[in-house]
Amino acid sequence: LPDTVDSVVVGAGIAGVYQANTLAEAGKSVICLDKYHEIGGVWNFYGNDYSRVNTSEIGYRIVDRPGDGLRPNEDHSPRREIMRDIYTVASQHCKGCIRLNIEVLSVDRRQDGSYDVATRNVRDGTQKTIHTGGVSFQVNRRIGRRREVDWEDSHLFRGDIFYGYGNAMQKVAYWGKSVLVIGAGAFAFENVRTAVEHGARHVTLLGRRDGTTCPKWIDMLAFLRPLNEQLMTHKSGNMISFECWQNCYKDAGLRSPKCWDEGLLKPNNHTISVSDVAFIAGYHCMFKLQVGEIRRFRPDGMGVELIDGSTIDCNMVIKCTGFHLNDDVPKLTGMSKMQPYGLLDINMNYQAEPLLDGGQFGGGGKDKTAVDLDYGDITQEQYFKGLEVLRTLPFFKDKYVEPNGNPFGSGQGGPIVYLSNYFTYLMTHPEEQEALFRLSGKPPQDVVKLWASQIAEYQHLIMTRLISALGKAALDGNGQP
């Protein structure tokens, strides 16, 4: 490990490697640290051999392959192709920049604004502190420790019990089995697909509430349908797609998600899973969706009994019961708040997907988490004067301060690319970064419990603060906020 480096990236998953690559490409000396023995992060250590991206290929693309005979990844790209992409990015500018088996213990800010990153080698226990100008945290917010669950009399079960992550089912024989998948999220539907594709006789997905899944074409149309100037898709087209989607549930004999009756596409803190196989298997009576909770395993060892007294026959149980939130960043830094554009402090950022409430796909104002917005002593005069000044700048367009949609849909590829490049820009433009952070005011956004619907609210708050600071400077006559 070096004594001093321009920037430290914490986490060598897909986002961490991409961030390290952009910093190195911009001429920064960089070291990328990960406590695991290989790069790949969640895709390598939580994913399964048959895991796929839960969005259309373009939504998760981080590598372009132009030229004859080359093609993009397979749609809903499999794990092996994502791992290839991670290694491809690492090979561009990260040679000699990645250190594995290194755990970060703390990050402390010096008086001069630089940072000390305390580390420990997980193999031999040796510790070292790296002095750096900047730190980028690229660790998953939603996937921390898995939730451990068990039920009464599980020792009586005569079949197999697994968790549905990290290749725990790598050598499982599904053929002819009756499989019970516990959970209703993306990993649960993934394990349904894997079981059916590998010869399971029947699969039941049991959740405490309905999850939501859609055929691939629903997700693909969301990317193919043209966007208007506000980056929104055509509402009438979306309604036609939704009607066809509802019919897919009916034709497959599957219960439709209860959240649809509430005007929501998916339940709180779930995404929309994508699986053609679920609908095909349902049509052929090989798959069933059920809501309930397990009370105990049956005395005969061939199934489970639910709280309502009903039973489910099975000889394989796969637990996809979710994860605890990852609270590493506040523990390492002592910081619990951040700016909506990623900065915790000057030259320190955190990039991770938010928690998923109604803000992920829109819910007409429903299922959105409340926010406390502090506008301080900003006046209307300051704000409108700031807009007036902005409109005199050659790059300004009104759409920059108007509400806009999310052009990336359900994909994380776009955010990985633009957020990595944005932090690199800030690292290479210190005066602009200092002014941005200072005029943004007190960071409002929770580092751990950040919900999708809150992002736009906090961005609006910060934009209002910045515009008003510009207006206040103009009104004061010095022109410098």
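I take helices (H or I, at least four residues) and strands (E, at least two) as DSSP runs, numbered from the N terminus. The model is predicted: local features need pLDDT of at least 70, side-chain atom pairs count only at pLDDT 80 or more, and totals for chains, interfaces and linings use all residues. Residues are numbered from 1 along each chain as its sequence is written, and side-chain values use heavy atoms, with hydrogens and water left out.

**Entry: Phe-395.** I looked up Phe-395 and found it in the loop between helix H9 (380–390) and helix H10 (413–428). I call a residue buried under 20% relative accessible area, exposed over 50%, and partly exposed in between (1.4 Å probe, protein chains only). Phe-395 has a relative accessible area of 52%, so I noted it as exposed.

**Entry: Asp-85.** I turned to helix H3 (residues 79–93), where Asp-85 sits. Asp-85 is buried, because its relative accessible area is 2%. Next I checked its contacts (heavy atoms within 4.5 Å). Leaving aside neighbours within four places in sequence, Asp-85 touches Ile-62, Val-63, Arg-65 and Asn-73.

**Entry: the sheet.** I count two strands as paired if DSSP finds at least two bridges between them. I traced an open sheet of five strands, in the order S7-S16-S8-S9-S12, with parallel pairing. Strand S7 (160–163) and strand S12 (287–291) are the edge strands, each pairing on one side only. I then looked at strand S8 (residues 178–182) and strand S9 (residues 202–207): they run parallel, joined by five bridges. Leu-180 stands opposite Thr-204 in S9.
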